[in-house]
Amino acid sequence: MAGPARAAFLRTCVGCRKRAPASELIRFVAAGSGVDLRLQPDPGRRLPGRGAHLHPDPACFALAERRRAFGRALRLTGVADTGLLAEHIRTVMPHGTTDDVAMVAASRPSKVGRPR
């Protein structure tokens, strides 16, 4: 007799540190060595090496950069180029994400302190 259906594999985003199903996160690995060290997106989840996961959201990417989480998650000794990963996040980011909401909210005048 089979047990209950197995839950999706949960992974932790290196940016926001929230757990999510692996299918909602982007896996990336460190490619190259020495001066040519770069973060390579792995959408097929098949590249060799230690991988880490990140939400496809520029806010999580920025938070991971600020926290220097990429090097710790991948156990890197040098500084990796994040250009490929940043470009991948920009291309896969769906329309209507948090950045769009922030731009709309900034364009509206504030109601705070307005006389009645």
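Helices (H or I, at least four residues) and strands (E, at least two) are DSSP runs, numbered from the N terminus. This is a predicted model, in which local features need pLDDT of at least 70, side-chain atom pairs count only at pLDDT 80 or more, and totals for chains, interfaces and linings use all residues. Residues are numbered from 1 along each chain as its sequence is written, and side-chain values use heavy atoms, with hydrogens and water left out.

## Overall layout

The protein chain holds five strands and four helices. Their order from the N terminus is β-β-β-β-β-α-α-α-α. The chain has 116 residues, and 29% of them count as buried. Buried means under 20% relative accessible area, exposed over 50%, and partly exposed in between (1.4 Å probe, protein chains only).

Contact here means heavy atoms within 4.5 Å. Among contacts between residues at least 6 apart in sequence, 56% join residues at least 24 apart. The accessible surface of the protein chain is about 8,400 Å². Carbon and sulfur atoms account for 56% of that surface. Areas come from the Shrake-Rupley method with a 1.4 Å probe; for residues, only the protein chains shown count as cover.

## Salt bridges

A salt bridge is a side-chain nitrogen of Lys or Arg within 4 Å of a carboxyl oxygen of Asp or Glu. By this rule there are three salt bridges.

| Pair | N to O distance |
|---|---|
| Asp42 and Arg27 | 2.3 Å |
| Arg38 and Asp36 | 3.3 Å |
| Glu87 and Arg90 | 3.0 Å |

Take the salt bridge of Asp42 and Arg27. Asp42 sits in the loop between strand E4 (38-41) and strand E5 (51-54), and Arg27 in strand E3 (residues 26-31), so the pair ties together parts that are 15 residues apart in sequence. Both Asp42 and Arg27 are buried.

Glu87 and Arg90 are three residues apart in helix H3, which separates them by about one helical turn. Glu87 is partly exposed at 39% relative accessible area. Arg90 is exposed, at 53%.

Arg38, the partner of Asp36, counts as partly exposed at 26% relative accessibility. Arg38 also has a neighbour from elsewhere in the sequence: Gly83 is 45 residues away along the chain, yet 7.8 Å away in space, C-alpha to C-alpha. Gly83 lies in helix H3 (residues 83-92). Gly83 is partly exposed, with a relative accessible area of 35%.

## Positive surface patch

Arg17, Arg67, Arg68 and Arg72 form a positive surface patch. Patches are made of residues with over 30% relative accessible area and no salt bridge: like charges are joined within 9 Å, nonpolar side chains (Val, Leu, Ile, Met, Phe, Trp, Tyr) within 5 Å. Lys and Arg count as positive and Asp and Glu as negative; His and the chain ends are not counted. The place of a charge is NZ of Lys, CZ of Arg, CG of Asp or CD of Glu.

Arg17 lies in the loop between strand E1 (10-12) and strand E2 (19-21). Arg17 is exposed, with a relative accessible area of 52%.

## Positive phi

Most residues other than glycine have a negative phi. Arg45 has a positive phi, near 55 degrees. Arg45 is in the loop between E4 and E5, and is partly exposed at 29% relative accessibility.

Phi of Arg75 is also positive, near 55 degrees. Arg75 is in the loop between helix H2 (69-74) and H3. Arg75 is exposed, with a relative accessible area of 64%.
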